[in-house]
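Here are my notes on the model you sent over. Have a look at it first, then read on.

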Amino acid sequence: VYAEAGNLLLESFSAIGLATISELIHITGVNSIGTLSGATSFSPNVTTGVKIQDQARVVMDNSSFVGMTDGVVLDGGANFRSSALRVFNAQNDGVRIDNVGTGTIWDCTGCTIEDSTGNDLNIQSATAIVSGSGKTSLDKISIVDGASVYGTIIDLKEGDEGVNILGELHVGLPDR
């Protein structure tokens, strides 16, 4: 599925055991707006599950990507909002923000990114802004200096009983 300079509404989309595909979902262009719900891929023949770039704006919920080379790739000022996103067993990176363009944003709620061969989360852009909550392994996160990361991460590493908070933590009221 490819969208450029237009709107895309995609619901309950599944891709299992396909022939080799470069990008399952690719949304690009400053005038592109995408709403994706229930996208699912279980195929090692997919190079990239979702690619969003060039200031495209995308909202995605309740989607799963398993076994592809890269789960989600963002760059060029993309604005990506996701909830209940699951990326498992990526052969390279689960979610990557490439160092292309400026101001790429990813806001995630309840995302699980795990068991990637490379990094579960790989932020290569110093101007990227990542916020939200999710589960991943802190051992599999790479963040370039300058990138802004705010949120809570539950580390999936066995035996880790803590909750890791990246960014500021405020407890109570400002005057107390």
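1. On charges, Lys and Arg count as positive and Asp and Glu as negative, while His and the chain ends are not counted. Each charge is placed at NZ of Lys, CZ of Arg, CG of Asp or CD of Glu. On that basis the protein carries 9 positive and 21 negative side chains, with the centres of the two sets 3 Å apart.

2. A word on the source: this is a predicted model, where local features need pLDDT of at least 70, side-chain atom pairs count only at pLDDT 80 or more, and totals for chains, interfaces and linings use all residues. Residues are numbered from 1 along each chain as its sequence is written, and side-chain values use heavy atoms, leaving out hydrogens and water.

3. The C-alpha trace spans about 55 × 35 × 30 Å along its principal axes.

4. Buried residues (under 20% relative accessible area, 1.4 Å probe, protein chains only) make up 44% of the 176 residues.

5. What does Phe80 touch? Leaving aside residues up to four places away in sequence, its contacts (heavy atoms within 4.5 Å) are Ile52, Val58, Met60, Val72, Leu74, Leu85, Ile105, Trp106 and Asp107.

Terms used. Buried < 20%, exposed > 50% of the residue type's maximum accessible area, 1.4 Å probe, protein only.
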